[in-house]
Amino acid sequence: MKKIINLVKKDFFIILFLLIIASIPRILLLDKIPPGIHGDEGWGGIIARKILSKGSVPAYIGAATGVPSNPTYPIALIFKIFGENIFFLRISSAIIGILTIILIYIFFRLFFNYK
């Protein structure tokens, strides 16, 4: 853990640069590209609305082509705070994608013998 903290301190500006570069294309036109709502993200929105109305849903939703419902709880929280629209439906996935890039950077720095 100490090695990871030292890495983040040493490479702070590189990580910040990656965060900015990863955020711009993911957030700038999030509600326009691609147009409309498709497949899994549509089901995510439907299940998030059920969570808001019922309080919870089963862990496995058969109607949504058999997907787990856990990823829809952050969408439901965002819907409750900010309202329901395409941008807020997609933002939770965009945030996860941005954080994944940073975690992959840290992983590869450690994997390739960071000292």
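**Before starting**

I am working with a predicted model.

**Entry 1: aromatic pairs**

I asked how many aromatic pairs the structure holds. The count came back as seven.

I picked Phe-87 and Phe-88 to begin with. Their ring centres are 5.3 Å apart and the planes meet at 80°, over the 60 degrees needed, so I wrote this pair down as edge-to-face.

Next I turned to Phe-108 and Phe-112. Here the centres lie 5.9 Å apart with the planes at 10°, which is under 30 degrees, so this pair goes down as stacked. I checked accessibility here too: Phe-108 is partly exposed at 42%, and Phe-112 is exposed, with a relative accessible area of 57%.

Which residues do ring pairs join to Phe-108 and Phe-112 in a cluster? I found Phe-107 and Phe-111 linked with them.

**Entry 2: the largest pocket**

I then looked up the largest pocket and noted about 410 Å³ of space in it. Its lining is made of 22 residues. Nearest the centre I listed Asp-40, Glu-41, Ile-75, Leu-89 and Ser-93.

What kind of residues line this pocket? By class I got 14 nonpolar, four polar and four charged.

I also wanted to know which elements supply the lining. At least two residues each come from helix 2 (12–27), helix 3 (39–54), strand 2 (67–68), helix 4 (72–82) and helix 5 (86–111). Helix 5 gives the largest share, with six residues.

**Entry 3: Ser-92**

Is Ser-92 buried or exposed? Its relative accessibility is 8%, so I put Ser-92 down as buried.

Which residues does Ser-92 touch, leaving aside neighbours within four places in sequence? I noted contacts with Pro-74, Ile-75 and Ile-78. Ile-75 was already in my notes, as one of the residues nearest the centre of the largest pocket.

Methods:
Residues numbered from 1 in each chain as written. Predicted model: local features only at pLDDT ≥ 70, side-chain atom pairs only at ≥ 80, totals over all residues. Heavy atoms only, no water. Phe/Tyr/Trp six-rings, centres within 6.5 Å; stacked < 30°, edge-to-face > 60°. Buried < 20%, exposed > 50% of the residue type's maximum accessible area, 1.4 Å probe, protein only. 1 Å grid on protein atoms, 1.4 Å probe; cavity = no way out; pocket = protein on both sides within 12 Å on 5 of 7 lines; lining within 4 Å. Points joined across faces, edges and corners; volume = space filled by probe spheres on them. Helix = DSSP H or I, 4+ residues; strand = E, 2+ residues; numbered from the N terminus. Nonpolar A, V, L, I, M, F, W, Y, C, P; charged D, E, K, R; others polar. Contact = heavy atoms within 4.5 Å.
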